[in-house]
Amino acid sequence: SIGSVVVLSSGNDGLDRINPYAREAIAVGALDKNDELAKYDSGIRYTNIGEGLDLMAYGGTVYTSLGSIGDIRTIDREGSLGYSQLDYYDGFNATSAACPMVSGAAALILSINPFLKRTEVEEILFSTAKDLGTQGWDQYYGYGKLDVFSACSAALRTIGEEFYAEEDCLHGTQIMSNNLRMFTSSPGINVVAGSYFCDVYKFE
């Protein structure tokens with residue numbers, strides 16, 4: 001159906017089979033910063049792999065000596081309901097962190113062309129992924145690592161447009177000492193007005 005895309009994590013059990021529920025959706029496994037299968041600091045793999053695995057995304061580095069704390073910063077529930085007393089949490093990790101990255105990419109694709117069918121969104125995500133293992137699909141990486149830039153570029157081509165990225169296009173930016181960037185946007189620069197914090201990344 002149009003616009004209905006379901007994404008589930010492959011699981012964090014270190015198995016050679018994925019979460020059975022994920023087989024009916026886009027199944028996402030976790031990678032570390034070196035594009036290797038995500039593992040604990042002990043070296044033991046935790047991300048599930050196997051038949052039905054579709055995509056991989058960054059799952060955060062997991063430090064078991066610190067209580068399995070990851071290194072992905074995300075929005076947190078407020079107060080005592082969240083993982084911290086603040087509005088942000090710095091320890092998100094594993095396939096639970098990798099999965100929403102793919103969900104976000106699917107949402108971006110549909111924001112570009114809301115008339116795409118589920119299978120068309122999946123085709124864009126799979127065909128634009130960065131192949132990491134054996135050429136084509138394989139049980140370790142699925143179709144490869146999520147590539148949001150390429151996926152959005154492909155989505156734009158479905159409506160006859162091209163994507164152009166300009167370096168440092170977010171006005172009013174300020175680099176923070178903890179390597180986070182705060183920027184305040186205003187209407188007219190394709191970003192919802194407001195103040196944001198985000199990690200600093202660059203295109204390869």
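This is a predicted model: local features need pLDDT of at least 70, side-chain atom pairs count only at pLDDT 80 or more; totals for chains, interfaces and linings use all residues.
Figure 1. Y143, with a relative accessible area of 33%, is partly exposed. The rings of F126 and Y143 form a stacked aromatic pair, with 4.6 Å from centre to centre and 10 degrees between the planes. F126 belongs to helix α2 (residues 118-128), while Y143 sits in the loop between α2 and α3 (148-157). The two residues are 17 residues apart, and their pair links distant parts of the chain.

**Figure 2. Helix α2 and its cover.** The buried residues of α2 are V121, E122, I124, L125, F126 and T128. Elements that cover these residues include β2, β3, α1 and α3. An α-helix has 3.6 residues a turn, so residues three or four places apart point the same way.

**Figure 3. The aromatic pair of Y40 and Y46.** The chain holds 2 aromatic pairs. In the pair of Y40 and Y46, the ring centres are 5.2 Å apart and the planes stand at 45 degrees, so this pair is tilted. Planes under 30 degrees apart would count as stacked and those over 60 as edge-to-face. Y46 is buried, at a relative accessible area of 1%. Y40, at 27% relative accessibility, counts as partly exposed.

**Figure 4. The open sheet of β1, β2 and β3.** The 3 strands are arranged in the order β1-β2-β3, with parallel pairing. At the edges stand β1 (7-9) and β3 (55-58); each has a single partner strand, so one side of each is left without a neighbour in the sheet. On average, neighbouring strands of this sheet are turned by 40 degrees against each other, direction ignored. Strand β1 is joined to β2 (residues 26-31) by 3 bridges, and these two strands run parallel. S9 has V28 in β2 as its bridge partner.

**Figure 5. Helix α1 across the sheet strands.** Helix α1 (residues 95-112) lies across β1, β2 and β3.

**Figure 6. N48 and its surroundings.** N48 is placed in the loop between β2 and β3. N48 counts as buried, with 1% relative accessibility. A polar atom of the N48 side chain lies 2.9 Å from the backbone nitrogen of D13. For the backbone nitrogen of L15, the distance to a polar atom of the N48 side chain is 3.0 Å. Leaving aside residues up to four places away in sequence, N48 touches S10, G11, N12, D13, G14, L15, R17, I18, N19 and L53.

**Figure 7. The chain as context for the close-ups.** The chain contains 3 helices and 8 strands. Along the sequence these elements follow the pattern β-β-β-β-β-α-α-α-β-β-β. Of the 204 residues in the chain, 35% are buried. Among contacts with a separation of 6 or more, 51% are between residues 24 or more positions apart. The accessible surface of the chain comes to about 12,300 Å², and carbon and sulfur atoms account for 52% of that surface.

Definitions and conventions:
Residues are numbered from 1 along each chain as its sequence is written. Side-chain values use heavy atoms; hydrogens and water are left out. Helices (H or I, at least four residues) and strands (E, at least two) are DSSP runs, numbered from the N terminus. Buried means under 20% relative accessible area, exposed over 50%, partly exposed in between (1.4 Å probe, protein chains only). Contact means heavy atoms within 4.5 Å. Accessible areas come from the Shrake-Rupley method with a 1.4 Å probe; for residues, only the protein chains shown count as cover. Rings of Phe, Tyr and Trp (its six-membered ring) pair if their centres lie within 6.5 Å; planes under 30 degrees apart count as stacked, over 60 as edge-to-face and the rest as tilted. Two strands pair if DSSP finds at least two bridges between them. Axes are lines fitted to C-alpha atoms, for helices over the stretch in contact, and angles run from 0 to 180 degrees between N-to-C directions. A polar contact is a pair of N or O atoms within 3.5 Å; within protein, one must be able to donate a hydrogen and the other to accept it, and residues adjacent in sequence count only if both atoms are side-chain atoms.
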